[in-house]
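Let's take a walk through a protein chain and see what holds its parts in contact. Keep the 3D view open while you read.

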Amino acid sequence: MDLLISRAAHALTAGDALGALNLVALRDDAPALALRGIAVAQLGDLELANTLLRKAIRAFGPRQPLARARCVVAQAEIALASRDLAWSAKALHSAQAVLDTHGDQVNAAHARHLEARRLLLSGRLDEAEHIIGSLPLESLSPASKAVHHLIVAGISMRRLRIKAAHAALTQARQAALRSQIPGLMAEAEHALRTLKRPAARLLAHGQDKPLLLEEVEELSATTTLIVNACRNTVGNKETVIPLASRPVLFSLARLLAQAWPADASREALIAGAFRTKTPDETHRARLRVEIGRLRKALRPLAGIDATRRGFTLIPHGSNKVAVLASLVEDRHAAVLALLADGESWSSSSLALALGASQRTVQRALDALAAGGKVQSFGHGRARRWLIPPLPGFATTLLLPVPPVAAVEATP
């Protein structure tokens, strides 16, 4: 490796993309193409970065598998940054095996971190945790340690283990400061600030109160019967019943919980669950059927009694009922929650992250675009969707685990 390539590589390791480009911008040999691709990616031009890395892979050829593997890992990082969750995991695994074989433990660990972050975005927490747990933390560089702790924090937040998340983020910030990489330091600081932002709203006794993630965790540890509209579940600290695949039952459960301790009228239940303001006998008959199904589903947690004007919720072993709602009440709140990170997403990646069909997600995006809530750029497969970051919006951390099709109910 010549001196300019070595200096450019060190500049990239320190997060100085412009400094690296100044050293190799006019060169077209394979190592320079690879370094230029990584530098351009750090500066935000992901399309040009991918082009340069593809040229570098061809230039290195089959006799330089280690260099090719490093380029593949860089491509995987670009795919993650552009939220291309459908990018070939097989290619990343093959590159990781080559890096392990040649003793490049730094880049092999980086490849595992990328895979863990992709799994985290997809809501596959157990798999992400398994990958993270297999890494020798002591041997990692400060930058890798920062990324490691950020992933651990992300898993903890999605599982509502906020004390563990705060501890991991504190460690991530310390490691990022040691690495002196501005991007990592900013990411750690941003994640720490997220813990201080409202993540949901508590609806109980006629009140609407914003909650931090720490307060959501505390509420989940009580005997309160919680109808969680962020994850479409009903439960308490011991039992959680998922209703994401049964949107009508969840709507009825939420309406009953919001009316508690009073009853909810039949007219209100029909209007809220069936979306009609002119009920007839068929709607009333359907309501009786759906209430019967909900009564059976909630049997471990609560009963449902009929009253003269409607139905009332009777929780078992608890004298409190609460609704945990999203900060943004929208039919497509799950899509908005993912887009709220400020990154550009393809519809296919949104579908993978939500566990929904691409057609369903596309309908949701079209509806949001018609309302001016999201915007797109590009055409065909290159089309991406984005939204300006929503101030104080942390609901993405409360997306279902594992992910469910929160937009399935779209007619």
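Predicted model: local features only at pLDDT ≥ 70, side-chain atom pairs only at ≥ 80, totals over all residues.

## A first look at the chain

The chain has 411 residues, and 48% of them count as buried. Its C-alpha atoms fill a box of roughly 85 × 45 × 35 Å along the principal axes. As for secondary structure, you'll find 18 helices and eleven strands.

## Charged pairs

Side chains of opposite charge can pair when their charged atoms come close. How many salt bridges does this model have? The count comes to 16.

| Salt bridge | N to O distance |
|---|---|
| Arg70 and Asp104 | 2.8 Å |
| Glu129 and Arg159 | 2.5 Å |
| Arg284 and Glu281 | 3.4 Å |

Start with the salt bridge between Arg70 and Asp104. Arg70 belongs to helix α5 (residues 65-81), while Asp104 sits in the loop between α6 (89-101) and α7 (105-121), so this pair ties together parts that are 34 residues apart in sequence. Are the two partners buried or exposed? Arg70 is partly exposed, at 38% relative accessibility, whereas Asp104 is buried, at 10%.

Next comes the salt bridge between Glu129 and Arg159. This one also links distant parts of the chain: Glu129 is in helix α8 (residues 125-133), and Arg159 is in the loop between α9 (142-158) and α10 (162-179), 30 residues apart. Glu129 counts as partly exposed, with a relative accessible area of 35%. Arg159 is partly exposed too, at 22%.

Now look at Arg284 and Glu281, which also form a salt bridge. Both are in helix α15 (residues 281-297), and because they are three residues apart there, about one helical turn separates them. Arg284 is partly exposed, with a relative accessible area of 28%, but Glu281 counts as exposed, at 55%.

How do α14 and α15 pack? Helix α14 (residues 266-274) meets α15 at an angle of about 85°, and their axes are 10 Å apart. The two helices are therefore roughly perpendicular to each other, given that angles of 65 to 115 degrees count that way. On the α14 side, the residues in contact are Arg266, Leu269, Ile270 and Phe274, and on the α15 side they are His283, Arg284, Arg286, Leu287 and Glu290. Sort them by class and you get four nonpolar, one polar and four charged residues. Notice that Arg284 turns up here as well as in the salt bridge with Glu281.

## Inside the fold

What about the nonpolar residues? The largest nonpolar core has 43 residues, and those touching the most other members are Leu150, Met157, Leu169, Leu184, Leu213 and Leu324. Several elements each supply at least two residues of this core: α7, α8, α9, α10, α11 (182-194), β1 (198-204), α12 (213-220) and β9 (321-325).

Zoom in on Leu324. Leaving out residues up to four places away in sequence, Leu324 touches Ala200, Arg201, Leu211, Val216, Leu219, Ile226, Val227, Asn228, Ala229 and Cys230. There's also a second, separate core of 38 residues, and among them are Leu21, Ala34, Val73 and Leu80.

Back in helix α5, find Gln75. Gln75 is buried, with a relative accessible area of 12%, and the cut-off for buried is under 20%. Which residues does Gln75 contact, apart from its neighbours within four places in sequence? They are Asn50, Leu53, Arg54, Ile57 and Trp87.

Then move to helix α8 and find Asp126. Asp126 is exposed, with a relative accessible area of 58%, and the cut-off for exposed is over 50%. Asp126 and Ala116 are ten residues apart in sequence, and their C-alpha atoms are 9.9 Å apart in space.

Terms used
Residues numbered from 1 in each chain as written. Heavy atoms only, no water. Salt bridge = Lys/Arg side-chain N within 4 Å of Asp/Glu carboxyl O. Helix = DSSP H or I, 4+ residues; strand = E, 2+ residues; numbered from the N terminus. Buried < 20%, exposed > 50% of the residue type's maximum accessible area, 1.4 Å probe, protein only. Axes fitted to C-alpha atoms, helices over the stretch in contact; angles between N-to-C directions. Parallel < 35°, antiparallel > 145°, perpendicular 65-115°, else oblique. Contact = heavy atoms within 4.5 Å. Nonpolar A, V, L, I, M, F, W, Y, C, P; charged D, E, K, R; others polar. Core = buried A, V, L, I, M, F, W, Y, C linked by side-chain atoms within 4.5 Å.
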